[in-house]
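Here is a report on one protein chain. It covers the overall fold, the covalent link and the charged pairs.

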Amino acid sequence: MKKLVSAFSAVCLFFSLIAVAQKPDSAQTPSTIPVSQIHVGMRGVAYTVFQGVKPESMEVEVLGVLHNVNGPKGDVILVRLHGQKVEYTGVVAGMSGSPVYLDGKLAGALAFRIGEFSKEPIAGVTPIADMLEINALDRSPAEETAAVKPAISVVAGKTASPGEISTMPNSAQDSAGTFANYLKPIETPLVFNGFSEQAIHLFAGQLGSAGIVPVMGAGSVSDDKQPEPVEAGSAISAILVRGDMDIEATCTVTYVDPQRLLACGHPLLQFGSVDLPMNKAEVLATLPSPLNAFKIVNTTEPVGTFIQDRHTGIMGVFNRQPEMIPVTLSIHSSTGVKQFHYEVLNNPKLTPVALMVTVFNALHGVNEFGEEITYRLSGSIGVKGFPEVTMRNMFAPSENAQPAAMQAAISLGERFGRIYDNPYSAAAVAGVKLDFDLVRERRWARLESARTSVTEARPGEEIMLETVLAPYRGERIVQQIPVKIPTSASKGTLRILVSDGETLDHIGRSNAAFGRKLDLASTISLLNKEHSNNRVYVSLLEADPEARVADKVMPTLPISIMNVMDGMRGNQEMIVSGESNVDETATAALDYVVSGAQLLTVTVK
């Protein structure tokens, strides 16, 4: 018996010595081994953190090399993992990026899991040569940040949640074959901290379209210092939102040198050039599960910035501060003022979504929240080198019962989407300030009727319009609105549109040519000209053509002028409509969200 115990101790000591020998000094750049030198039966070691901050070793056995399975010329090294912990937990979410060493040389990063309920910890390894290509991309001119979906149906660019069976609909799985089911990236959970379940549920569609599957309760963010250095096998986090609300994703470091590191072995969202905070992380526990095991992680102190999110991994640089967008959100109510301070990433695809879900979450997360709440918004979006985008509006539950907080969040996201969506210059957003006054009742009114005092009028004459508003569970409001017929009005029928502000803005955007992209200055100018939704507007419409060039409007143009300007179409962002808005007036700001529209006619003599 003593001999057996001695023999077992010797074997354990032998494997521990191999593990120590195979992992190079973290202070030195490790040598690498190409895929061409890797063969079946090779043994090595991989490193990951199961608990705490210190990477632990796992034995690796090479099962073979799968060629062209991770895109064109994208090889994957198939391995089986050995060791007490990994055989108990299996391949876990958060393990992607764990470095694999063969013959003492860095071979690549654990990046793929095999199957859903595998009884053995079999994984796919992204070759290190493919990951090191990201270094060359960093030295090339950075392209404008854009949302690029993965080119293959492995959903490699989509973070997934613990316990999620599939990130693809059944029809997609059937058409893609068994590849999508049996070889897919190890999940990198995108953890939402400080968010309500309802906020995540309501914006699941927008988050899903951006490639995000949110996770709640699988980690948190702390201000703790973590003196241990980042090394191959350490846990590392990328931050999308930080402050009073946090969104972060955690994977494992594959490669470290004095200037940069590589991690994950697959993309987070494959956005190309990025600018995300890079933070150390501590693993609180590794949760085994037959469906989908994952690590519970605390994100700790910052160490740099992730600047690349590519097909074969993400790259970060040390000692560099990311440029995030600071957001200050204040909620004023009868109980006082509550403020939220946080920062969101600057990315055309994700920033609008991140702002929508954080704004709704903040409004929904206060005690004053209720179904009958109305919000008065006063805010601004600062864009470097351009005028501020101002926001003054009201939001109340309407007839379709959409929550006012949801309307406010969507309105902000829509503005950000338009700021980013231009082909001429990248928007450098300097900050967002939002002030919400909370009213504990539904302040909504429908435009019930509108009529004129006359049916005929002369140019220059003033006529009177009478409008009736029907508030939600309130007494009707009658308003008299004086309207002056333009002295230049042509004889014939003059149409009078009585409407809310949203209707007017929708008419301006409904022209098919409106889809043309404008430059950033014109976009901001148009945003600042949009109508508020707490007024009744009266627009006089004549049957003469109107031209818009960018954000400038030229009404009632003669046919001769239109013929001259016709050549501008297509290269000067010119939009022509068959009707001109020759005059517009509005009531004073009302304490109601106004909804509805009516069209009247007057004959001009």
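## A buried charged pair

Glu301 is buried, with a relative accessible area of 17%. Buried means under 20% relative accessible area, exposed means over 50%, and partly exposed lies in between (1.4 Å probe, protein chains only). Lys280 is buried too, at 9%.

Lys280 and Glu301 form a salt bridge, with the closest N and O atoms 3.7 Å apart. The pair links distant parts of the chain: Lys280 sits in strand β14 and Glu301 in strand β15 (residues 294-310), 21 residues apart. A salt bridge here is a side-chain nitrogen of Lys or Arg within 4 Å of a carboxyl oxygen of Asp or Glu.

## Basis of the model

This is a predicted model: local features need pLDDT of at least 70, side-chain atom pairs count only at pLDDT 80 or more, and totals for chains, interfaces and linings use all residues. Residues are numbered from 1 along each chain as its sequence is written, and side-chain values use heavy atoms, with hydrogens and water left out.

## The chain as a whole

The chain has twelve helices and 33 strands. Both are DSSP runs numbered from the N terminus: helices are H or I with at least four residues, strands are E with at least two. Of the 605 residues, 53% count as buried.

The chain exposes about 26,800 Å². Carbon and sulfur atoms supply 53% of that area. Accessible areas come from the Shrake-Rupley method with a 1.4 Å probe; for residues, only the protein chains shown count as cover. Among contacts with a separation of 6 or more, 71% are between residues 24 or more positions apart. A contact means heavy atoms within 4.5 Å.

## The disulfide

How many disulfides does a search of the whole structure find? The search finds one. Cys251 is joined to Cys264, S to S 2.0 Å. The pair links distant parts of the chain: Cys251 is in strand β12 (residues 246-256), while Cys264 is in the loop between β13 (260-263) and β14 (272-287), 13 residues apart. The cut-off for a disulfide is a pair of cysteine sulfur atoms within 2.5 Å.

The torsion about the S-S bond of Cys251 and Cys264 is about -90 degrees, so the disulfide is left-handed. Cys251 counts as buried at 2% relative accessibility. Cys264 counts as buried at 0%.

## More salt bridges

The structure holds 20 salt bridges. One of them pairs Glu368 with Lys338, the closest N and O atoms being 3.7 Å apart. Glu368 lies in the loop between α8 (350-364) and β19 (374-383), and Lys338 in strand β18 (residues 336-344), so the pair ties together parts that are 30 residues apart in sequence. Is Glu368 buried or exposed? Glu368 is buried, at 11%. Lys338 counts as partly exposed, at 32%.

Arg415 and Glu530 also meet through their side chains in a salt bridge (3.5 Å, N to O). This pair links distant parts of the chain: Arg415 is in helix α9 (residues 404-420), and Glu530 is in the loop between α11 and β27 (537-542), 115 residues apart. Arg415 is buried, at 9%. Glu530 counts as buried, at 19%. Elsewhere, salt bridges that share partners join Arg43, Glu61, Arg80 and Glu120 into one network.

## A residue in helix α11

Thr523 is found in helix α11 (residues 520-529). At 8% relative accessibility, Thr523 counts as buried. Not counting residues up to four places away in sequence, Thr523 touches Arg418, Ile419 and Leu518.
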